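Open the model in your viewer and keep the sequence panel beside it. The stops below say what to select and what is there.

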Amino acid sequence: MTTAPAELLTVPEVMVRLKLGRSKVYDLIRSRRLTSITIGRSRRIPADAVRDFIVHEIEEAA
């Protein structure tokens, strides 16, 4: 049985989903609060990593 591949998002797509600016998204990536991968010269963020980030932030705020 195979699993569906993770959806990979671009930085601009993550910016829209999180309603954050480009610098803040890159800050989150640099600080390892948001997981990303590099493919060639392109940075991609798994959709699961965005969901995990949101859940973690909600738990921290509670």
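Contact here means heavy atoms within 4.5 Å. Helices (H or I, at least four residues) and strands (E, at least two) are DSSP runs, numbered from the N terminus. The model is predicted, and local features need pLDDT of at least 70, side-chain atom pairs count only at pLDDT 80 or more, and totals for chains, interfaces and linings use all residues. Residues are numbered from 1 along each chain as its sequence is written, and side-chain values use heavy atoms, with hydrogens and water left out.

**Helix α1**

Select residues 11-18, which make up α1. Val 11, Val 14 and Leu 18 are buried there (under 20% relative accessible area, with exposed over 50% and partly exposed in between; 1.4 Å probe, protein chains only). They sit on the same side of α1, because they cover an arc of only 60° around the axis, taken from the directions from the helix axis to the C-beta atoms. An α-helix has 3.6 residues a turn, so residues three or four places apart point the same way.

Just after α1, Lys 19 has a positive phi of about 55°.

**The sheet**

Next, show the strands. An open sheet is formed by three of them in the order β1-β3-β2, with antiparallel pairing (two strands pair if DSSP finds at least two bridges between them). β1 and β2 (37-39) are the edge strands, each pairing on one side only. Between β2 and β3 there are three bridges; Ile 39 has Ser 42 in β3 as its bridge partner.

**Ser 36**

Select Ser 36, in the loop between α2 and β2. Is Ser 36 buried or exposed? Ser 36 is buried, at a relative accessible area of 19%. Its side chain makes a polar contact with that of Arg 43 at 2.9 Å. Leaving out residues up to four places away in sequence, Ser 36 touches Ile 29, Arg 43, Arg 44, Ile 45 and Pro 46. A polar contact is a pair of N or O atoms within 3.5 Å; within protein, one must be able to donate a hydrogen and the other to accept it, and residues adjacent in sequence count only if both atoms are side-chain atoms.

**Back to Val 14**

Finish at Val 14. Apart from neighbours within four places in sequence, Val 14 is in contact with Leu 9, Lys 19, Val 25, Leu 34, Ile 45 and Val 50.
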